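Keep the sequence and the structure in view as you read.

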Amino acid sequence: MGFSLSDQHQLLSKIANNDGHGENSSYFDGWKAYDSNPFHPIQNPNGVIQMGLAENQLCFDLIQEWIKRNPKASICTAEGVGEFKDIAIFQDYHGLPDFRNAVANFMGRVRGGRVTFDPDRIVMSGGATGAHELISFCLADPGDAFLVPTPYYPGFDRDLRWRTGVQLLPVICESSNDFKITKAALEAAYEKAQEANIKVKGLLITNPSNPLGTTLDRETLKSLVSFINEKSIHLICDEIYAATVFSQPKFISISEIILEEDMECNPNLIHIVYSLSKDMGFPGFRVGIVYSYNDEVVKIARKMSSFGLVSTQTQHLIASMLLDDDFVESFIGESAKRLETRHKVFTWGLSQVGIGCLKSNAGLFVWMDLRRLLKESTVEAEMELWRAIIKDVKLNVSPGSSFHCLEPGWFRVCFANMDDETMEVALRRIRAFVFQGKEVEAPVKNKRWRNNLRLSFSLKFDEGVMTPRMMSPHSPIPHSPLVRART
Ligand SMILES: Cc1ncc(COP(=O)(O)O)c(C=O)c1O
């Protein structure tokens with residue numbers, strides 16, 4: 001006597017049965033394509049290259065050297081085992097004092113020492129994923145909403161909404177002004193919510209942006225603070241890519257803006273989400289932070305943090321590492337340099353085949369413009385092109401529609417989760433796709449897409465433009481999107 005799937009569903013909660021996790025989106029379908037046929041230079045050279053994963057893997061040699069030089073930092077070495085018991089039994093949800101000091105210190109350094117952070121305001125969470133849910137639980141009730149400028153990280157739909165019952169309402173940003181967040185767009189989204197009788201509790205921004213790889217300028221940041229003050233709503237600033245800024249303009253944190261003399265701002269409305277997943281490249285450690293300027297939020301978030309603490313073993317290691325000022329200084333500098341080089345080589349390679357990207361100075365990805373390759377400017381056409389890229393070029397890139405981008409034809413391509421050789425293979429495949437299958441690394445079957453790419457290539461060269469303006473413009477199965485459903 002077996003239960004049908006629908007019988008089983010009836011035994012579970014509404015949250016368990018809804019699809020708020022969002023794994024059915026195209027964003028995660030691409031991951032599935034990669035999981036079922038992953039590229040390996042020797043064992044599977046025709047496999048799918050994962051370019052949908054915003055991981056920072058360019059500096060692990062520096063981390064490994066530090067680990068070797070500091071055996072005491074781990075409690076599982078002969079040098080560190082003396083601390084094993086104290087660390088293993090520590091269970092205070094405030095966290096190890098050294099850990100909070102180290103993270104506060106690191107956050108200040110990443111922001112060029114222009115601001116300091118109070119360790120007592122640091123609340124732990126399971127990555128930024130947990131931090132977003134935590135802050136959402138603290139600030140909003142089911143049915144309330146946060147405004148979010150598009151395009152935005154698809155994981156927000158899960159992290160802020162799924163278990164909290166909160167809604168996310170898009171603030172539409174467009175390529176015509178390089179996706180800047182304008183006052184008009186903010187007002188339009190706010191008004192729309194009011195008309196629908198939805199209570200807006202806050203604005204969520206990501207700076208530097210995932211997927212754009214751009215940083216917000218001072219003027220925009222100030223206008224956002226004015227907007228939330230005027231409406232008396234919260235501002236959540238996801239700054240988890242702060243140390244990935246590799247070229248000018250430099251990163252400006254919200255923590256700097258609220259200190260400006262001419263800035264009228266109620267600090268109780270400002271909250272920062274941070275993690276070490278991107279800046280240090282440690283998504284597996286699940287070190288996330290809510291940093292609130294609101295005492296009440298700090299208090300309640302700390303109580304709620306019991307559901308997503310960072311293990312003390314990890315806290316201990318991170319504290320030792322991030323309190324090593326010389327290491328932190330050189331790591332931040334070297335990481336930015338390597339990201340800059342990788343970004344340059346990758347975007348140059350794309351430009352050689354007439355593909356442009358939004359001009360960017362941060363992040364682990366580029367926002368690639370393939371609008372010219374669409375049969376028509378529709379989401380369906382974007383998905384058709386995306387499927388061809390996965391199936392024929394064997395690259396997992398993420399379509400703009402999965403980031404709620406309103407304009408079809410944009411794709412996010414990650415470049416820091418692979419070695420130089422794999423990136424070269426990816427560029428060669430793109431080149432081969434464009435140039436009729438010469439140097440073909442992967443089987444290129446779909447002629448029509450190839451023709452479109454060729455058409456676009458010759459169009460750009462006819463215009464005499466080498467680099468287009470954008471141009472200035474995981475679960476039961478390890479590695480499956482059910483498990484790795486964040487980046
Ligand atoms: C903007 C943004 N916020 C949050 C997250 C989740 O980060 P974490 O691994 O720290 O949970 C990601 C991951 O890609 C992200 O891009």
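Strand S13 is covered on both faces: Trp 410, Arg 412 and Cys 414 are buried on one side, Phe 411 and Val 413 on the other. In a regular strand, side chains alternate between the two faces of the sheet. Five of the five residues of S13 are buried, so the rest of the structure largely encloses this strand. The model is a predicted one.

**The sheet around S13**

S13 belongs to an open sheet of four strands, ordered S9-S10-S13-S12, with antiparallel pairing. S9 (356-357) and S12 (398-399) stand at the edges; each has a single partner strand, so one side of each lacks a neighbour in the sheet. Strands of a sheet pair through backbone hydrogen bonds, either parallel or antiparallel. S10 (residues 365-369) pairs with S13 (residues 410-414) over five bridges. S12 pairs with S13 over two bridges.

| Residue | Residue in S13 |
|---|---|
| Val 366 | Val 413 |
| Asp 369 | Trp 410 |
| Ser 398 | Arg 412 |

**Two helices, H13 and H14**

Helix H13 (residues 312-322) is mostly covered, with nine of its 11 residues buried. Among them are His 316, Leu 317, Ile 318 and Met 321. Which elements do the buried residues of H13 pack against? They are helices H4 (60-69), H5 (84-89), H6 (97-110) and H14 (325-351), together with strand S8 (287-292).

H14 has 27 residues, which at 1.5 Å a residue should span 39 Å; its end C-alpha atoms lie 39 Å apart, so the two values agree. The buried residues of H14 include Val 328, Phe 331, Ile 332, Ser 335, Leu 339 and His 343. An α-helix has 3.6 residues a turn, so residues three or four places apart point the same way. The cover over the buried residues of H14 includes H4, H6, H13 and helix H16 (420-434). Strands S9 and S10 are also part of that cover.

**The whole chain**

The protein chain has 17 helices and 13 strands. Of its 487 residues, 47% are buried.

Key. Residues are numbered from 1 along each chain as its sequence is written. This is a predicted model: local features need pLDDT of at least 70, side-chain atom pairs count only at pLDDT 80 or more; totals for chains, interfaces and linings use all residues. Two strands pair if DSSP finds at least two bridges between them. A residue is buried if 20 or more other C-beta atoms lie within 10 Å of its own, exposed if 12 or fewer, and partly exposed in between; C-beta atoms are placed from the backbone. Two residues are in contact if their C-beta atoms, placed from the backbone, lie within 7 Å. The expected span of a helix is 1.5 Å times one less than its number of residues.
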